[in-house]
Amino acid sequence: MSETLTLEVLRYNPEEHAEPVYQSYHVPYRKDWVILDALNHIKDNVDGTLTYRWSCRMGVCGSCGMMVNGVPTLTCATFLEASLPDPIRIAPLENFPVIRDLVTAMGDFMEKLKLAQPWIIRDREQPVADGEYRQTPVQLAAYKQYSMCINCLLCYSACPVYGLEPQFIGPAAIALAQRYNLDSRDEGRAQRDEVLSTEEGIWQCTLVGECSVVCPEHVDPAAAIQRYKVAATMDWFKALLMPWSRPQGSRD
Ligand code: SF4
Ligand code: FES
């Protein structure tokens with residue numbers, strides 16, 4: 001193994017370039033370096049104009065997602081060694097407009113997140129004097145997996161449906177909606193259904209499953225969407241057979 005390796009990084013400055021072009025950089029090869037360390041080496045020592053997002057460097061903030069050799073990847077959580085042999089190709093996350101170099105625009109996702117209403121909705125708040133809403137460990141376990149999302153957007157980048165039909169609300173937003181639908185304190189499922197049990201919501205998912213494959217937090221958004229589909233179908237039958245009933249917020 002040589003002491004250096006080559007990173008091919010897609011560069012794009014809309015003020016200067018007609019289209020993105022790959023630029024090669026030689027970086028030291030160190031077994032303890034993740035992809036982000038190599039990019040930081042370039043930024044600090046070779047080319048300060050290279051532009052990309054990162055913050056926590058520990059797989060928590062979700063900001064360092066990029067395509068690595070064509071796969072949506074959290075670059076602070078992936079060793080260089082795992083992407084060999086070189087050259088290792090780094091590009092911005094697919095399915096999002098590129099602002100500059102490896103930085104993509106997240107506005108579409110933020111709008112979809114609002115549509116999913118990922119917060120606790122209640123018909124009536126209990127008075128503060130009545131104390132906090134308590135949950136059993138079993139009630140917590142019902143939604144905890146879906147609460148681990150770090151909004152890294154790797155799942156949107158891997159999703160061919162979102163790539164072809166950008167109006168699709170998409171994996172992470174639906175998984176987060178399901179996180180609240182399954183929360184024993186929440187009563188907002190019917191309200192979320194108005195947006196999510198639609199053609200742009202859960203029914204657009206064709207269960208390719210790549211969202212769950214690339215998710216670094218094992219949220220399994222594909223499973224969240226299929227569970228949502230089952231619950232919505234049951235609601236539809238209940239409404240047909242018992243039109244006086246309505247879905248309750250905290251049931252699966
Ligand atoms: S569901 Fe997983 S891949 Fe998608 S944004 Fe959340 S953490 Fe990232
Ligand atoms: S820098 Fe925060 S998740 Fe990678």
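Here are a few friendly notes on the structure above, which is a predicted model.

1. Overall build. The protein has nine helices and seven strands. Along the principal axes, its C-alpha atoms fill a box of roughly 70 × 40 × 30 Å. Among contacts with a separation of 6 or more, 66% join residues 24 or more positions apart.

2. Surface and burial. Of the 252 residues, 45% count as buried. The accessible surface comes to about 13,100 Å², and carbon and sulfur atoms account for 56% of that.

3. Charges. You will find 23 positive and 32 negative side chains here. The centres of these two sets lie 7 Å apart.

4. Helix 9. This helix covers residues 221-241, and its 21 residues should span 30 Å at 1.5 Å a residue. The end C-alpha atoms are 30 Å apart, so the model agrees with that expectation. Its buried residues include Pro221, Ile225, Tyr228, Lys229 and Asp235. What covers the buried residues of helix 9 includes helix 4 (154-158) and helix 6 (171-181), along with helix 7 (189-196) and helix 8 (210-214).

5. Cysteines. How many disulfides does a search of the whole structure find? The search finds zero. For cysteine 159, the closest cysteine sulfur is in cysteine 211, at 6.5 Å; the cut-off for a disulfide is 2.5 Å, so this pair is too far apart for a bond. Cysteine 159 has a relative accessible area of 10% and is therefore buried. Cysteine 64 also counts as buried, because its relative accessibility is 3%.

Note on methods
Residues are numbered from 1 along each chain as its sequence is written. Chains are lettered from A and ligands numbered from 1 in the order in which they are written. This is a predicted model: local features need pLDDT of at least 70, side-chain atom pairs count only at pLDDT 80 or more; totals for chains, interfaces and linings use all residues. Side-chain values use heavy atoms; hydrogens and water are left out. Helices (H or I, at least four residues) and strands (E, at least two) are DSSP runs, numbered from the N terminus. Buried means under 20% relative accessible area, exposed over 50%, partly exposed in between (1.4 Å probe, protein chains only). Contact means heavy atoms within 4.5 Å. Accessible areas come from the Shrake-Rupley method with a 1.4 Å probe; for residues, only the protein chains shown count as cover. Lys and Arg count as positive and Asp and Glu as negative; His and the chain ends are not counted. The place of a charge is taken as NZ of Lys, CZ of Arg, CG of Asp or CD of Glu. The expected span of a helix is 1.5 Å times one less than its number of residues.
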